[in-house]
Amino acid sequence: MNIILFGPPGAGKGTQASALCEAYSMPQVATGDIFRAHLKNNTELGQLARGYMNNGQLVPDEVVWKLVESRLSEPDCAGGVLLDGFPRTVNQAELMLGWFKSTGRELNRVLALIVPDEELVVRLAGRRTCLDCQATYHVQNNPPAVEGVCDRCGSTRVVQREDDSEETVRLRIATYHRETSPVLAFFKEQGLASEVEGLGEISDVAARLRQALQG
Ligand code: AP5
Ligand code: MG
Ligand code: ZN
């Protein structure tokens, strides 16, 4: 099964992805996480992406698609994958659908988390991210069991993401409305999108996502 977990910055894509991937035994491919891993390893791609990320802009389509195509071609993605943070432009969506078709794969569903802008700002302002495994927390809504220590990998490098300043968050949300929200309309036209209420307890949102996948 190939699924897209879609939504604005801070909608809860990363938070919900791990449980879904576990439930359906499929890998998570998160373009933002891949860029941050490159940044951590100080690669050329990481440096390039950082300039866009910290200004709330999208990394150019050619760069993103090259990365995603090579990741999707790896053997662990052959049986299905959950995409988080991709596609973010209609052009990226078309490139992906073309590749799926040419490799005999199918996009099964787009799960779109719906969360109002003001809630996104609150969520991102309080988010903390593990530099080592990318697990995300929230100072109030979802803190790690021991303050400053990652529940998943034990790292003590649980910090605020560079692009989570309020100014950059507002730019990211504006970029979402301008360039990424048309992707939802595109998938709706094809009857592939399910809109899922993203407000409420994390476990309730998870249950709604599972229901949307089964229905
Ligand atoms: P990326 O890393 O994908 O960031 P994003 O889309 O802005 O999304 P986030 O990771 O910020 O939010 P999320 O939905 O994962 O929320 P989370 O679960 O953490 O991309 C970063 C940058 O890389 C982009 O800006 C762009 O520059 C570049 N990029 C990436 N992909 C690209 C592409 N395809 N094309 C071009 N450029 C690309 O949750 C947020 C917070 O809320 C957490 O603190 C969490 O604990 C909390 N929370 C979650 N659920 C709930 C709930 N139900 N109630 C209360 N709090 C909650
Ligand atoms: Mg994320
Ligand atoms: Zn961790």
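How far does a backbone N or O atom of Gly 10 lie from an oxygen atom of ligand 1? I looked this up first in the model, which is a predicted one. The separation is 2.8 Å.

I then turned to Gln 57, where a backbone N or O atom lies 2.6 Å from an oxygen atom of ligand 1. For Arg 161 I checked the side chain: one of its N or O atoms is 3.1 Å from an oxygen atom of ligand 1. I next noted how much of the ligand is covered. Taken alone, ligand 1 exposes 1,000 Å², and the protein buries 96% of that.

**Entry: the shell around the ligand**

I recorded 36 residues around ligand 1. Those that come nearest are Thr 15, Gln 57, Arg 88, Arg 127 and Arg 172. By kind, I find 13 nonpolar, 15 polar and eight charged residues in this shell.

I also asked which helices and strands each supply at least two residues of the shell. They are helix 1 (13-23), helix 2 (31-40), helix 6 (117-125), strand 6 (136-138) and helix 8 (202-214). Helix 2 gives the largest share, four residues.

**Entry: Cys 153**

I located Cys 153 in the loop that runs between strand 6 and strand 7 (158-159).

**Entry: the protein as a whole**

I counted eight helices and eight strands in the protein. Along the principal axes, the C-alpha atoms fill a box of roughly 45 × 40 × 35 Å.

I then compared the radius of gyration with the value for a compact globule. With 215 residues, such a globule would have a radius near 17 Å; the protein has 16 Å, so the two agree.

Of the 215 residues, 47% are buried. Among contacts with a separation of 6 or more, I noted that 70% join residues 24 or more positions apart. Finally, I recorded an accessible surface of about 10,600 Å² for the protein, with 50% of this area belonging to carbon and sulfur atoms.

Technical notes:
Residues are numbered from 1 along each chain as its sequence is written. Chains are lettered from A and ligands numbered from 1 in the order in which they are written. This is a predicted model: local features need pLDDT of at least 70, side-chain atom pairs count only at pLDDT 80 or more; totals for chains, interfaces and linings use all residues. Side-chain values use heavy atoms; hydrogens and water are left out. A residue is near a molecule or strand if one of its heavy atoms lies within 4 Å of it. A polar contact is a pair of N or O atoms within 3.5 Å; within protein, one must be able to donate a hydrogen and the other to accept it, and residues adjacent in sequence count only if both atoms are side-chain atoms. Accessible areas come from the Shrake-Rupley method with a 1.4 Å probe; for residues, only the protein chains shown count as cover. Ala, Val, Leu, Ile, Met, Phe, Trp, Tyr, Cys and Pro count as nonpolar, Asp, Glu, Lys and Arg as charged, and the others, Gly among them, as polar. The radius of gyration is taken over C-alpha atoms; the globule rule is 2.2 Å times the number of residues to the power 0.38. Buried means under 20% relative accessible area, exposed over 50%, partly exposed in between (1.4 Å probe, protein chains only). Contact means heavy atoms within 4.5 Å.
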